[in-house]
Amino acid sequence: MDIFGRLTIDSLPFYSAIAASGAGITVLGALSVMAVITYLSAWRLVLFDWVSSIDHKKIGIMYIMVALVMLMRGFIDAAMMRSQQAIAYNNEGYLPPGHFDQVFSSHGTIMIFFMAMPFLSGLINLIMPQQIGSRDVAFPFMNAISLWLTTAGAGLVLISLVIGKFSTAGWTGYPPYSGSQFTPGVGVDYWLWAVLISGVGSTMTGINFLVTIIKCRAPGMTMLRLPVFTWTVFVTSILMVFAFPSLTVAAGMLVLDRTLDMHFFTNGMGGNMMNYINLFWLWGHPEVYILILPAFGVFSEVVAVFSQKRLFGYISLVLATMAIGFLSFTVWLHHFFTMGSSARVNSFFGTMTTIIAVPTGVKVFDWLFTIYRGRIIFKPPMLFTLGFLVTFTIGGLSGVLLALPPVDYLMHNTTFLIAHFHNVIIPGVLFGYIAGYMFWFPKAFGFNLNEKWGTWSFWCWIIGFYLAFMPLYLLGFLGMPRRMEHYEIAAWQPHLIVAAIGALIIFFGIVCMAVQLIVSIRDRQSALDLTGDPWNGRSLEWATSSPAAPYNFAVLPQVQSVDAWWDMKARGVAYQRPQQYEDITLPKNTFIAAVIGGSAFVFGFAMIWYIWWLAILCLAVIFVSVVVRASDDDSDYIMTAAEVKAIEDERFAQLAKAPKNEMADDPGFAGEPIPEAST
Amino acid sequence: MIVRQAIAYRSLALVIGAALLCGGCSVIDGPVLDPKGPITLAERDLLFKAVAIMMVVIIPVFVMAALFFWRYRGTNRNAKYTPNLAYYWPVEILVWGVPAAIIIWLGIHLWHDTYKLDPYNEIDPSVKQLQVQAIAQDWKWLFVYPEQNIAVVNELVFPAGQPLSIRITSDTVMNSLVIPALAGQIYAMAGMETRLNVLANEPGKFWGRNMQYSGTGFADQQFRAIATTEEDFDAWVDKVKAASGTLDASTYEALAKPSQKVPVTYYSGVEPNLFDSIIAKYSHGDTDRMPATAAHAAPAAEPAAEAAE
């Protein structure tokens with residue numbers, strides 16, 4: 001047996017210019033990142049302060065960095081599809097089918113698993129512990145493992161560009177097409193192992209967040225005083241814990257089919273592909289709520305802060321979130337009304353799906369009533385929120401249409417479906433994450449993002465979105481199927497050209513975000529956030545310094561109300577200096593999590609290429625790492641009261657110098673909180 | 001310079017405008033909004049009904065959004081500002097009640113229409129149906145007419161006004177059979193049988209295809225669906241009968257191999273029980289897979305539907 005398994009020199013992508021340049025860009029990108037680190041002589045910093053860190057804030061930032069890199073990669077795929085379809089009327093375009101199929105498969109896989117999921121985990125990691133007044137997540141080390149497993153999965157998708165090919169089975173990987181009989185190469189294996197490895201990470205992330213919210217809240221932070229963002233994280237974590245195992249099982253069984261020649265989902269020998277489709281969507285539908293609920297949470301925070309008003313209908317929003325979480329497990333069959341289920345089954349799942357529109361509608365109205373009699377300040381995070389409110393409603397409408405089985409018979413698998421889910425995922429999920437990124441950026445780095453470029457980015461995103469996806473709705477009415485590499489119907493082409501223009505404008509939106517980041521770093525000295533509370537915030541994450549100290553809170557806050565920080569400011573007890581500080585126990589940095597993630601990456605690679613000895617070796621490394629960590633009784637260190645006092649003294653010196661509130665310069669600023677009997 | 005810019009903008013606007021206009025017209029004539037059969041017409045009407053009822057919430061959202069974003073902009077100091085307004089029970093009742101009422105109304109229609117428009121339902125039991133068996137292959141559709149003992153690749157011909165009952169299976173990966181103007185889609189899966197009932201109001205030429213991505217030949221996996229008059233159909237059957245080739249086991253083997261852009265091909269005879277043998281090839285006599293005992297075979301249980309039978 002060959003020691004390199006299936007891996008040969010022919011696996012390198014020199015068979016096509018486009019594939020080779022994709023590989024070239026990937027390799028160059030990796031090399032240039034290394035070059036920049038070397039140029040800044042930052043290897044020590046990168047390795048010892050970041051890679052080995054198990055501080056939830058740094059892990060959060062690293063997650064978001066992974067997400068932004070993968071956003072670019074996923075967008076390039078989208079741009080390739082849009083340009084191919086814009087020109088491929090009655091001709092083959094520039095992408096052959098085999099390549100086009102990889103592009104749409106990797107676009108979906110990347111955007112869901114390696115853009116949205118890390119972005120979500122990143123924002124939650126960064127903010128949620130601070131919002132509940134905690135010093136860390138419940139399991140900091142497991143948190144780091146989750147990060148590195150997710151990164152390992154993302155790495156497998158990236159390396160598939162350089163060595164071998166990616167899956168052509170779409171991001172859902174439906175068998176029997178994804179079985180070894182029809183797609184024998186390594187593509188589907190790349191998809192499977194990327195999904196499996198990152199899926200394990202996501203399951204652990206869910207457990208971690210759930211336990212953190214249950215066990216690590218500050219004194220007085222009852223469940224009904226949690227900020228709505230934390231509430232959404234709570235429900236999302238429950239969904240993660242229950243949904244991801246289903247994906248892991250489905251993908252694992254498909255691996256067995258492909259690797260050990262089993263017959264769970266094959267055409268013959270007793271296999272049944274319908275089981276995979278059920279298992280996949282049993283994860284897949286909760287997954288879209290896993291993605292969107294925290295975005296709803298971000299919108300809830302942003303809309304209150306920038307309307308300078310309390311969030312309307314807190315209890316309604318909490319109930320709606322829980323209702324959505326529960327219902328999300330009862331609707332998975334609507335992804336395959338057309339698989340021949342009886343009218344009884346279809347109408348049940350259709351009805352359950354339309355019911356989800358009720359709590360979602362409640363949320364939209366509650367946000368609108370938060371704005372009612374508020375004073376809106378149009379900063380970029382708020383712009384994304386307002387754009388979401390209007391655009392998402394259209395996505396909800398088309399979602400209800402697709403939930404009607406008879407309509408779904410017509411519209412399923414058409415671009416109407418594509419338009420629908422992009423209409424909820426871009427304005428709903430992605431705008432939420434971008435709003436969160438721009439809202440909490442000062443909390444992560446201690447300076448504000450440039451507002452002008454943020455505003456530009458918003459307008460490009462939203463105009464680009466409408467241009468790119470409204471034509472796809474129309475194309476659905478023309479019967480255009482998804483995943484068409486070329487077509488012969490002339491009426492489709494004008495719409496596809498408009499959609500390609502839309503994608504171009506979205507590209508400008510991404511460029512504006514990049515420029516915003518660069519400009520903001522360059523001008524950071526003029527946009528420093530010295531108070532830790534740049535937006536006159538309402539929840540506890542604004543009580544910490546920006547960036548927060550390793551321990552977040554020198555003294556755990558005493559919570560007395562919803563909008564805990566606002567309440568403290570109103571009562572005049574914010575920024576109070578404690579009598580004395582105490583020692584704080586914090587976890588030590590460790591490389592073990594990164595070693596486990598790195599081994600998981602190599603393990604995945606070995607399994608994909610059938611390099612069995614290497615796979616066994618990697619498993620052994622992971623096992624030894626876990627044993628070593630588990631036997632380490634000295635994984636924490638103590639930050640003494642004196643050290644804490646030094647950090648806090650510096651913070652209070654900074655606070656004394658700082659203007660009271662940065663947002664006070666805005667002409668729409670309504671003022672600091674004033675003591676007042678609550679309504 | 002400015003003039004040139006203005007011209008550039010104007011021509012851009014013209015191009016986009018023209019694109020939208022011609023796009024808009026074509027959408028109205030598209031298969032979904034301009035259906036040619038009673039089933040798709042009923043499906044479209046449900047779509048319209050649902051859009052209309054949902055406007056009850058959609059329009060208020062748009063109006064409130066526009067109004068609130070403008071009126072409560074921070075710089076407008078004339079607008080009322082109540083920073084602690086966080087609960088008002090009539091609003092809560094409205095925001096839960098109105099969407100719930102709409103969903104109840106919609107749910108009733110959904111339930112009723114899902115039974116009524118179940119693709120397995122015979123469209124008109126009083127009329128003799130035309131039986132067709134559709135077999136998905138990489139990357140083409142094979143239609144077998146068991147009563148006429150003929151088979152056709154990539155062309156489905158049937159008389160307008162006579163219900164067409166299609167039994168569907170796949171001899172490859174999952175496919176999905178659709179004729180957008182006449183019938184919604186249903187998946188084709190190996191070792192299993194699904195059904196689709198089709199009726200065209202008038203003679204006409206339509207297109208149908210596989211909607212479920214199935215590999216490199218997917219884009220070209222389409223066929224012509226031709227609804228004819230009774231006489232034309234008989235003439236067409238005679239034409240197929242006159243074709244030289246027949247579809248026996250070995251020709252079938254050759255045909256089933258992956259191939260793209262296969263031209264319309266006629267077979268004047270078909271191996272008996274071809275369709276069932278393709279299913280049996282994968283199901284090994286597993287009766288759960290057979291139509292008689294499969295989940296769907298339970299008759300539609302809605303009282304109205306039963307009364308009609």
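Predicted model: local features only at pLDDT ≥ 70, side-chain atom pairs only at ≥ 80, totals over all residues.
Let me start with a detail in chain A: among what covers the buried residues of helix α18 of chain A is α17 (592-608) of chain A, where a residue is called buried if 20 or more other C-beta atoms lie within 10 Å of its own, exposed if 12 or fewer, and partly exposed in between, with C-beta atoms placed from the backbone. Helices here are DSSP runs of H or I of at least four residues, and strands are runs of E of at least two, numbered from the N terminus.

Residues are numbered from 1 along each chain as its sequence is written, and chains are lettered from A and ligands numbered from 1 in the order in which they are written.

Back to α18(A). The buried residues of this helix are A:C618, A:I622 and A:S625, and, seen down the axis, they fall within an arc of 65°, so they line one face of the helix; the arc is that of the directions from the helix axis to the C-beta atoms. An α-helix has 3.6 residues a turn, so residues three or four places apart point the same way. On the other side of α18(A), the exposed residues include A:W613, A:I616, A:F623 and A:V627. As for its length, the 19 residues of α18 (residues 612-630) should span 27 Å at 1.5 Å a residue, and the end C-alpha atoms are 27 Å apart, which agrees; the expected span is 1.5 Å times one less than the number of residues.

A:F601 is buried, because 23 other C-beta atoms lie within 10 Å. A:G187, which is found in helix α6 (residues 187-215) of chain A, is also buried, with 23 other C-beta atoms within 10 Å. Leaving aside neighbours within four places in sequence, A:G187 is in contact with A:Q102, A:K165, A:F166, A:S167 and A:T168.

Now some backbone details. Most residues other than glycine have a negative phi, and most peptide bonds are trans. A:S41 is not a glycine, yet has a positive phi of about 35°; A:S41 lies in the loop between α1 (17-39) and α2 (43-51) of chain A and is exposed, with 8 other C-beta atoms within 10 Å. A:N552, again not a glycine, has a positive phi of about 60°, but A:N552 is buried, with 23 other C-beta atoms within 10 Å. A:N552 lies in the loop between α15 and α16 of chain A, and the loop between α15 (493-522) and α16 (564-571) also holds A:P547, whose peptide bond from A:S546 is cis, with omega near -15°. In chain B, a cis peptide bond joins B:D138 and B:W139, with omega about -10°, and B:W139 is found in the loop between β1 (130-137) and β2 (140-145).

Turning to chain B as a whole, the secondary structure comes to seven helices and 11 strands, and 40% of the 309 residues count as buried. Strand β10 (residues 222-228) pairs with β4 (residues 155-159) in the parallel sense over five bridges, and with β9 (residues 204-210) in the antiparallel sense over six bridges, where pairing requires that DSSP finds at least two bridges between two strands.

The domain assignment, automatic or from a database, gives domain 1 (36-117) and domain 2 (130-308) of chain B.

Finally, how many residues of chain B are in contact with chain A? 80 residues of chain B are in contact with 85 residues of chain A, and the chain B side divides into 53 nonpolar, 20 polar and seven charged residues. Here Ala, Val, Leu, Ile, Met, Phe, Trp, Tyr, Cys and Pro count as nonpolar, Asp, Glu, Lys and Arg as charged, and the others, Gly among them, as polar.

Key: Contact = placed C-beta atoms within 7 Å.
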